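Good morning, and thank you for coming.

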Amino acid sequence: MSMQLRLDKYLADMGVGARSEIKAWIRKGRVTLNGEVCRKPESKVEPSVDEVLFDDSRVDYVEYCYIMLHKPAGVVSATSDNVSRTVLDLISDKQRKDLFPVGRLDKDTEGLLLITNDGGLAHRLLSPKKHVDKVYYAKVKGEVTREDAEAFAEGVDIGEESLTLPARLKIIASGEVSEAELTIQEGKFHQVKRMFAAVGKEVIYLKRLSMGSLSLDPGLQPGEYRELTEEELQLLRD
Ligand code: URA
């Protein structure tokens, strides 16, 4: 597929600088196109065919970017925020400036967060109609019981128009503080916390383990990230 774009946009998309600076740099002769200095910001470039160098370093064009982040507590799932650090602030080597998180985790929630600029994929993963499984590990104050599991399987009232969709609760440990894994197919605001609240319990720690076919890489510490593998991406697209 042919996808020509202007040389200044090509470089701006790849985060080389602001469009206005880039235009000036091109006019100064700092950019080569296929081995020749090119002083025209409006020149057309065909990514993956043409070779672009800025100050003698090759700038490859990356159209889509897919990052798995182990979100730590204390950062917000937004692209910008006046007060708090965002999940995007954690990505230090962005290849695209149009990245966004796919859905939201609460500020105090940890775990799997996909960051991309692929709006189509994000839409498919978030669409309520697609019933994508999201698995959460939760620590809950008080005893989590079989009755809770039955209630979640039936659907509980969290103050929305309808009950929650059937969800699977796997109890790992039950006691003063219980541990459980909850699989839901929706993503309402504070959904997991509100579901436990509906059965009279408080979530004191929450971590997302997976979303559809994508599981949090156990090698990633909170705050760490990596690109998705080809295989992970393929499975997500299926
Ligand atoms: N449910 C919640 O309550 N919080 C999250 O961050 C994700 C799901």
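Let me begin with a term. A pocket, as used here, is an open set of grid points where a 1.4 Å probe fits, with protein on both sides within 12 Å along at least five of seven lines. Please keep in mind that this is a predicted model. In this model, the space that the ligand takes up is the largest pocket.

Which residues are around the ligand? They are Leu-105, Asp-106, Thr-109, Tyr-136, His-190, Gln-191, Val-192, Lys-193 and Leu-206. By type, this shell consists of four nonpolar, three polar and two charged residues.

Where does the shell come from? Domain 2 (66-127 + 214-237) and domain 3 (133-211) each supply at least three of its residues. The element that gives the most is helix 5, residues 191-198, with three residues.

Let us turn to individual distances. An N or O atom in the side chain of Thr-109 is 2.9 Å from an oxygen atom of the ligand.

How much of the ligand's accessible area does the protein cover? On its own, the ligand has 240 Å² of accessible area, and the protein covers 96% of it.

Key. Residues numbered from 1 in each chain as written. Predicted model: local features only at pLDDT ≥ 70, side-chain atom pairs only at ≥ 80, totals over all residues. Heavy atoms only, no water. Near = heavy atom within 4 Å. Polar contact = N/O pair within 3.5 Å; in protein donor to acceptor, adjacent residues only side chain to side chain. Areas by Shrake-Rupley, 256 points an atom, 1.4 Å probe, with all protein chains shown as cover. 1 Å grid on protein atoms, 1.4 Å probe; cavity = no way out; pocket = protein on both sides within 12 Å on 5 of 7 lines; lining within 4 Å. Sits in = over half its atoms within 2 Å of the grid points. Helix = DSSP H or I, 4+ residues; strand = E, 2+ residues; numbered from the N terminus. Nonpolar A, V, L, I, M, F, W, Y, C, P; charged D, E, K, R; others polar. Domains from an automatic or database assignment.
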